[in-house]
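Q: Can you walk me through this one? I'd like pockets and helix packing.

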Amino acid sequence: GHLSRELNRFKALERFESTNEEVLLTMASIYSQLREHQKAISLYRKALELGGEEYEEEINLEIALEYENMDRFDKAIETLQEALSRKPDNETLLYELAYCFEATDRYQECIGYYKEFIARHPFSFPAWYNLGNAYQKMEKLEEAIEAYDYCLAIQADFAPAYYNKAHALFKQEKYHDTIQVLEESYSVEPPQAPVYCHIGECFEKLGEYDKALFYYRKSLSLDESYADSYLGIGMVMDLQGRTAESIAFIL
């Protein structure tokens with residue numbers, strides 16, 4: 001097919017220009033698309049050796065992604081950690097590493113890594129955020145909230161930390177606090193349907209059914225297909241004794 005033709009052209013080029021990292025990177029990405037991951041990795045490594053320093057972070061990320069495609073998450077983690085030891089401020093690498101830990105349920109290891117990382121780079125807000133997420137996955141909610149607070153102290157306009165902090169507070173049944181954090185997020189990012197729905201859920205838990213309905217409807221005014229809000233309205237009507245009406249929303 002088209003890719004194999006491309007590859008043959010590049011193989012001809014490679015004989016003349018095997019010292020050109022642009023050619024190597026293009027060939028590596030073609031091998032990747034052909035699912036020849038090991039071959040792609042060796043070309044990426046060759047490009048790195050040829051002085052691909054300026055692309056070092058991007059190339060290491062590509063190598064990690066090839067390992068993920070092969071289900072070699074251990075090697076992906078190793079590659080990302082090595083890259084981060086040289087480029088600790090690369091957010092993409094930090095998030096990709098968190099994804100690898102999560103995909104393999106290595107939350108304890110994840111917490112250990114980010115704590116050590118933060119000891120060296122205390123102002124890395126993505127590290128605090130990823131640490132919070134790992135604590136949250138392990139149901140260590142107090143620690144999660146503390147990590148999100150550090151993240152927000154460093155980067156006050158980072159919306160995901162507000163949403164995940166709200167989620168942890170909700171799990172602790174602190175519904176007033178949850179509402180407050182979600183309202184704080186308005187100034188950072190205009191609320192989307194899930195935020196209004198979450199506030200509706202808090203009012204539902206607090207037994208304030210009219211407010212709950214108000215927020216569920218507000219959520220639907222932003223996204224009329226947001227299923228959780230229909231379900232919320234149905235549940236509240238049922239709780240209000242309006243069971244016949246509620247059935248239309250739940251079905």
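Q: How much space lies in the largest pocket?
A: About 250 Å³. This is a predicted model, where local features need pLDDT of at least 70, side-chain atom pairs count only at pLDDT 80 or more, and totals for chains, interfaces and linings use all residues. Residues are numbered from 1 along each chain as its sequence is written, and side-chain values use heavy atoms, with hydrogens and water left out.

Q: What counts as a pocket, and what is the volume?
A: On a 1 Å grid over the protein atoms alone, a pocket is an open set of points where a 1.4 Å probe fits, with protein on both sides within 12 Å along at least five of seven lines. The volume is the space filled by probe spheres set on the points, which are joined across faces, edges and corners.

Q: Which residues are closest to the centre of the largest pocket?
A: H167, P194, V195, H198 and Y226, out of 13 lining residues. Lining means an atom within 4 Å of a point.

Q: Which elements give two or more residues to that lining?
A: α10 (159–171) and α12 (193–205). The largest share, five residues, comes from α12. Helices here are DSSP runs (H or I, at least four residues), numbered from the N terminus.

Q: How does the lining divide by class?
A: Seven nonpolar, three polar and three charged. Ala, Val, Leu, Ile, Met, Phe, Trp, Tyr, Cys and Pro count as nonpolar, Asp, Glu, Lys and Arg as charged, and the others, Gly among them, as polar.

Q: At what angle do α10 and α12 cross?
A: Roughly 20°, and their axes come within 12 Å. That makes α10 roughly parallel to α12 (angles under 35 degrees; over 145 is roughly antiparallel). Axes are lines fitted to C-alpha atoms over the stretch in contact, and angles run from 0 to 180 degrees between N-to-C directions.

Q: Which residues meet there?
A: Y163, A166, H167 and F170 in α10 meet V195, H198, E201, C202 and K205 in α12. Contact means heavy atoms within 4.5 Å. By class, this contact has five nonpolar, two polar and two charged residues.

Q: Switching topic: how do α6 and α7 pack?
A: Helix α6 (residues 91–103) and helix α7 (residues 107–120) have axes 8 Å apart, at an angle of about 155°. So α6 is roughly antiparallel to α7.

Q: What makes the contact?
A: L94, L97, A98, F101 and E102 of α6, with Y107, E109, C110, Y113, Y114 and F117 of α7. Nine are nonpolar, none polar and two charged.

Q: And what about α6 with α8?
A: Their axes are 9 Å apart, at about 15°, with helix α8 spanning residues 125–137. That makes α6 roughly parallel to α8.

Q: Which residues touch?
A: From α6, E91, L94, Y95, A98 and E102; from α8, F125, P126, A127, Y129, N130 and K137. They divide into seven nonpolar, one polar and three charged.

Note on methods: Angles under 35 degrees count as roughly parallel, over 145 as roughly antiparallel, 65 to 115 as roughly perpendicular and the rest as oblique.
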